[in-house]
Every structure is written in C-alpha cells, then in structure tokens.
Amino acid sequence: MSFQPQPQPQAQAPGRGYTMAGIGLFVVGLAAGAALFFLSGSTEEDTVKKFARAPAGCTTTLQFDRADTYEVYLETAGVLENVGGDCAANGAGYNHADDDPPRVSLSFLDANNAEVPLSPGSGATYDVGGFRGQAVQQVQIAAAGAYSLTVTSETNDFVIAIGGETDADSEKLKLAAVGAALAGVVMGFVLLIAGNRAKRSTPAPAPAATGPGWGAPTQQ
C-alpha cells in the first residue's frame with residue numbers, strides 16, 4: 001500500500017494585494033476625473049439656460065431668491081421662453097450680429113419702484129447651447145424679492161439675461177476632476193511602491209527536499 005504526498009496550495013505572491021489595489025486606484029481616479037471634467041461642460045450650458053431674461057420693448061418682472069451681485073448680459077443669440085410682466089414670449093429664437101451691438105437703455109426698479117443702480121460688467125462672454133452673450137453691466141440686489149426691468153431699444157432681436165458667473169460651477173467640477181485624478185494616481189503609486197518593497201523583503205522559499213528517503217512508505 002502506498003501513499004502519495006498531497007499538493008500544497010500556491011502561496012500568494014508577496015505584495016500582490018498592494019499592486020492590484022494600486023492599479024485599481026489608478027484606473028478609478030483617472031475615470032472619475034474624466035467623468036467630472038466631461039460634466040463640467042454641460043454644467044455651464046445648464047447655468048446659462050437658467051438665466052432670467054428680459055426682452056426689449058416691455059417691462060419684465062424678475063424674482064430674486066437671495067441678495068447678491070448679478071451679471072447683466074447682453075444676449076444676442078438664444079431662445080426666449082416664458083417671462084413675467086407685460087412681455088410676450090413664445091419660445092422664439094433671436095440672433096443679433098455681434099459686430100453691430102444694439103443701443104440699449106435699462107431701468108431697474110425694486111418693489112418700492114426705487115431705482116436700482118447698475119455698474120460696469122465684467123465683460124465675461126459665453127457661447128454655449130445656442131446662447132451667446134456678454135456681461136455689460138452688474139446689478140447688486142440688496143434683498144430677495146420681486147424687481148422689474150424695462151428694456152428699451154430700437155431693435156428686438158436680443159434679450160437682457162441676468163445671472164451669476166457662467167463658469168462658476170463648471171470650474172468647481174474641473175477642480176474636482178483634477179483632484180480626483182491626482183488622488184488616484186498618487187495613492188495608486190504609493191501602493192505600487194509598497195507592493196514592490198514587499199516583494200523584495202520577503203525571503204525566497206526553501207527548496208523542496210529530494211533524494212533518498214523521500215517518497216511514500218510501502219507495506220510488505
């Protein structure tokens with residue numbers, strides 16, 4: 001009667017867990033960064049589409065939810081949806097040549113019909129999602145509530161759009177994208193180094209015994 005030695009399970013290579021985790025962090029960090037960077041473009045478009053708009057030739061009622069300083073954009077291309085006040089809006093588009101900006105007069109009043117002063121704008125521009133505009137003035141809203149804006153001009157193929165900085169949320173997402181990518185790369189690199197050190201510091205296994213005396217006992 002003879003006995004065969006049982007095969008021993010293969011031991012996991014030293015540092016393999018660190019190496020796999022490092023590679024995983026590389027991939028996840030870069031993927032998250034790419035996704036956030038891609039979303040930053042759509043965020044700017046969403047921000048512009050949410051601007052309050054006032055067409056020329058009438059008075060628009062604007063509702064502000066908070067006190068803040070807002071940009072006043074001369075928007076020469078876009079689509080005008082429903083607006084409050086005595087202005088008609090039917091979703092029609094408009095497109096005014098940028099090389100011949102319209103002459104515009106604005107009257108901004110608060111709920112007590114007091115004039116709200118306008119100051120020079122930042123000059124920031126946008127051209128996204130079919131909307132094109134430039135910040136020509138700024139208005140400081142002292143308190144939340146209803147305000148009225150009267151736009152007077154000889155032409156009506158433009159609107160006045162009011163909102164914050166178009167790329168504020170977009171820039172935050174871009175910074176988050178860079179941060180996610182860097183975090184993944186740095187942490188992945190650290191784990192790869194740890195895995196490599198673990199491989200070097202682990203002694204090689206002793207060779208299996210061979211020669212006389214090795215083998216299964218036999219029964220006569």
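1. Basis of the note. This is a predicted model, in which local features need pLDDT of at least 70 and side-chain atom pairs count only at pLDDT 80 or more, while totals for chains, interfaces and linings use all residues. Residues are numbered from 1 along each chain as its sequence is written, and side-chain values use heavy atoms, with hydrogens and water left out.

2. Overall architecture. The protein chain has two helices and 11 strands; helices (H or I, at least four residues) and strands (E, at least two) are DSSP runs, numbered from the N terminus. Read from the N terminus, the order of elements is α-β-β-β-β-β-β-β-β-β-β-β-α.

3. Surface and contacts. Of the 220 residues in the protein chain, 28% are buried; buried means under 20% relative accessible area, exposed over 50%, and partly exposed in between (1.4 Å probe, protein chains only). The accessible surface of the chain is about 14,000 Å², and carbon and sulfur atoms account for 57% of this surface; the areas come from the Shrake-Rupley method with a 1.4 Å probe, and for residues only the protein chains shown count as cover. Among contacts (heavy atoms within 4.5 Å) between residues at least 6 apart in sequence, 78% join residues at least 24 apart.

4. Nonpolar cores. A nonpolar core is a set of buried Ala, Val, Leu, Ile, Met, Phe, Trp, Tyr and Cys residues joined through side-chain atoms within 4.5 Å. The largest has 17 residues, of which F64, F108, L149, I160 and I162 touch the most other members. Two or more residues of this core come from each of β2 (58–64), β3, β9 (131–141), β10 (145–153) and β11 (159–163). Apart from this core lies another, of 11 residues, among them V48, Y73, L80 and Y126. A pair of aromatic rings is described by the distance of the centres and the angle of the planes. Rings of Phe, Tyr and Trp (its six-membered ring) pair if their centres lie within 6.5 Å; planes under 30 degrees apart count as stacked, over 60 as edge-to-face and the rest as tilted. The ring centres of F51 and Y73 are 5.1 Å apart and the planes stand at 15 degrees, so this pair is stacked. The pair links distant parts of the chain, 22 residues apart: F51 is in the loop between α1 (16–49) and β1 (52–55), and Y73 is in strand β3. Both F51 and Y73 are buried.

5. The pair Y73 and Y126. Here the ring centres are 5.1 Å apart and the planes are at 70 degrees, so the pair of Y73 and Y126 is edge-to-face. Y73 in strand β3 and Y126 in strand β8 (residues 125–128) are 53 residues apart, and their pair links distant parts of the chain. Y126 is buried, as is Y73.

6. An aromatic cluster. F64, Y70, F108 and Y147 form one aromatic cluster.

7. Residue T76. The side chain of T76 makes a polar contact with the side chain of D98 (2.8 Å). A polar contact is a pair of N or O atoms within 3.5 Å; within protein, one must be able to donate a hydrogen and the other to accept it, and residues adjacent in sequence count only if both atoms are side-chain atoms.

8. Residue N113. This residue, N113, is found in the loop between β6 (104–109) and β7 (118–120). N113 has a positive phi of about 65 degrees although it is not a glycine. With a relative accessible area of 60%, N113 is exposed.
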